[in-house]
Each structure stands twice: as structure tokens, then as C-alpha cells.
Amino acid sequence: VAAAEDAVAAAAERDRIGLAWRPELAAGLHEAMAFVDALEVIADNWFHASSRELSALAALGAERPLLLHGVGMGLASAFPVARGRAEAMARLVERVRPAAWSEHLAFVRAGDLEIGHLAAPPRSAETIEGTLENLERVRRVVGSPPWLENVATLVDPPFSSLTETAWTARVFRDGDADMLLDLHNLYANALNFRTDPFAMLREMPLERVRGVHLSGGRWTDHESGGRPRLLDDHLHDPPDAVYDLLTALARDAPQPLFVIIERDGCYPAMDSLLLQIGRARAALATGRAARQPDVRQAA
Ligand SMILES: [Fe+2]
């Protein structure tokens, strides 16, 4: 029993909670680094960085585990990922040696047409096939597979024959990749398409989760023509339910997790972001503690 409890405590100790680094947060973050276990940066913003800027990023990575987050590949598509994009990621990974790199389960262009956001693919056998081919392509070029992130969507993708969780589970089963689980994306999709978010969480490939995003959004109605929908805008604090989902995840997934607070504007004071880190830490601890009775039983 003592050994099992030690194992749970060790996993909890290796959980890391941090922030998505943005230039607007840099000054405040410098003062707050003692409370931040890990940092994530948008990889695409560094593809054309100068050698001096890359040295600064590598130095940041030497201070805290660094995660590179890609936004432009469009992996979940029947179109092959442009080799140049994968090569740019490969160069950045080689230069800054991150703890991991990630991309979205989304498409961002169709042919030459740039959509301008991360669009959910039709959930079908064809898009699973395209995603797996792209995953293999980028794995070969970069040298390691990305953590793959679930995306939020306001429209149920047309031409879908699978649910989001069935589609996602098959990608991870056949792609042998790890997951960056965005709990607000999951929460927003669950509410917008009238599913229980905790049931949806249980259907995700939780054993594959290595990274977690926590963010917030706002309710919108007139823009969607009637029924209010939760828009994942990264401009608001994570709602209580997202922390509850993190507790459920920490209870059901024993592996250590990187948890990142993701904010892309309307930045609050650093103290407020540190409070959110503290809430995430507490939510994780509650989930880890809830595992212990199971472990005792198994022991
Ligand atoms: Fe995210």
C-alpha cells in the first residue's frame, strides 16, 4: 500500500502547471517564474525568428520545460501537409529542444484557400486516413510525433459519419500519438452539441493524454442565429467546470500531465493568472487524491 501511495505521490509531483507564453505576458512572467513549472509558445511565430531570438527561446527552455505549439499545419485534412511547414518545425525543434511539440486535429486550408482558423474536419474514415498520413509525414520530417489537440467547433462538421470521440479515439489508436487535451474545447463542444462533458471526457483516449489546455470563452447568441453557443475565444478565465474536468482527468489518467493556461488576449494581471495556476494545481491534487482508494484496493 505504501509503495502504491508513493507511486501516486510521484505522479502528482511530476505534474507541471504553466502558462502559454505571449509577448504581452513576458514582463510579468519574469517576476512570476517561481510559480510556473512549464511554458508553451506558438511555434509558428518563431519559424522566421533571428538567431538571437532563438537563443533567447532556447534559454527560456533551459529554465523551464518548453512546449512548442503549432497552429498552421492542418494535419486533419485530405491535403498533404506542406513539407516546408514540417521542415520549419523540425528546425525549431532541433534548435530549442522542447519537452514536446504539438499540433491541432484541424484543417486550416483547402488547396490555396486559407480558412483563417482551426476548422474541425468531417468525422469520417477518409479524414482519419488523411490525418494518419499527415501524422506519418510530419513524424518523419520532425523526428518525433506531435501531441495532437482536439479543437472546438460551432458547427457540427458536415459529411460526418462518426462522433467526435469515436473519430478521435480511432486517430489515437491507429496513429500511436499522444494527446494534448484542451478541456475548454471539449467543454464547449459538449455544451454546444448537448452532450455531458464528463461522459465525453471518459470517451477520449485518456491513456494518451500528456498535455492539457485550460482556457475560457463566452456565450454568443445573435451571431449564431438563435440558440446560445459557447465560443472558445481564449479571452476569458477558465470556467469552474473546466477545473472539475481536470480533476476527473487527474483521477482517471495516472500519467504525469503538463497543464497549460492558454490566454490570447484581454490579459488579466499576472496575479490573476497565477491564481488560475493555483486552481489548476488544486484541481489536479484533488483528482490525484481520488485515485488512492482504487490503488489501495488494487494493492
Ligand atoms: Fe488549446
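I started with Cys-266, which sits in the loop between strand E12 (258-261) and helix H10 (270-298); helices (H or I, at least four residues) and strands (E, at least two) are DSSP runs, numbered from the N terminus. This is a predicted model, where local features need pLDDT of at least 70, side-chain atom pairs count only at pLDDT 80 or more, and totals for chains, interfaces and linings use all residues. Residues are numbered from 1 along each chain as its sequence is written, and side-chain values use heavy atoms, with hydrogens and water left out.

I checked phi of Cys-266 and got a positive value of about 45°, although Cys-266 is not a glycine. Its relative accessibility is 54%, so I put Cys-266 down as exposed (exposed is over 50% relative accessible area, buried under 20%, partly exposed in between; 1.4 Å probe, protein chains only). Next came Arg-97, in the loop between helix H4 (83-96) and strand E4 (100-104). Phi of Arg-97 is also positive, near 45°, and this residue is not a glycine. Arg-97 counts as exposed at 61%.

**Iron site.** Which residues coordinate the iron ion? I found Glu-149 (OE), Asp-182 (OD), His-213 (ND1) and Glu-262 (OE), at 2.0 to 2.4 Å. Donors here are N, O and S atoms within 2.8 Å of the metal (3.2 Å for Na, K and Ca); water is not among the atoms, so sites may look incomplete. Along the chain the donors read E-x32-D-x30-H-x48-E. Glu-149 belongs to strand E7 (residues 147-149) and His-213 to strand E9 (residues 209-214), so this pair ties together parts 64 residues apart in sequence. I also noted that Glu-149 and His-213 are buried.

**Helix pair.** I then looked at H5 (residues 125-142) and H6 (residues 164-175), which pack at about 40° with axes 10 Å apart. The axes are lines fitted to C-alpha atoms, for helices over the stretch in contact, and angles run from 0 to 180 degrees between N-to-C directions. H5 and H6 are therefore oblique (under 35 degrees is roughly parallel, over 145 roughly antiparallel, 65 to 115 roughly perpendicular, the rest oblique). Contact residues (heavy atoms within 4.5 Å) include Thr-127, Ile-128 and Leu-135 of H5 and Trp-167, Arg-170 and Val-171 of H6.

I zoomed in on Ile-128. Buried or exposed? Ile-128 is buried, at 2% relative accessible area. Leaving out residues up to four places away in sequence, Ile-128 touches Leu-162, Trp-167, Arg-170 and Val-171. Ile-128 and Trp-167 are 39 residues apart in sequence, with their C-alpha atoms 7.2 Å apart.
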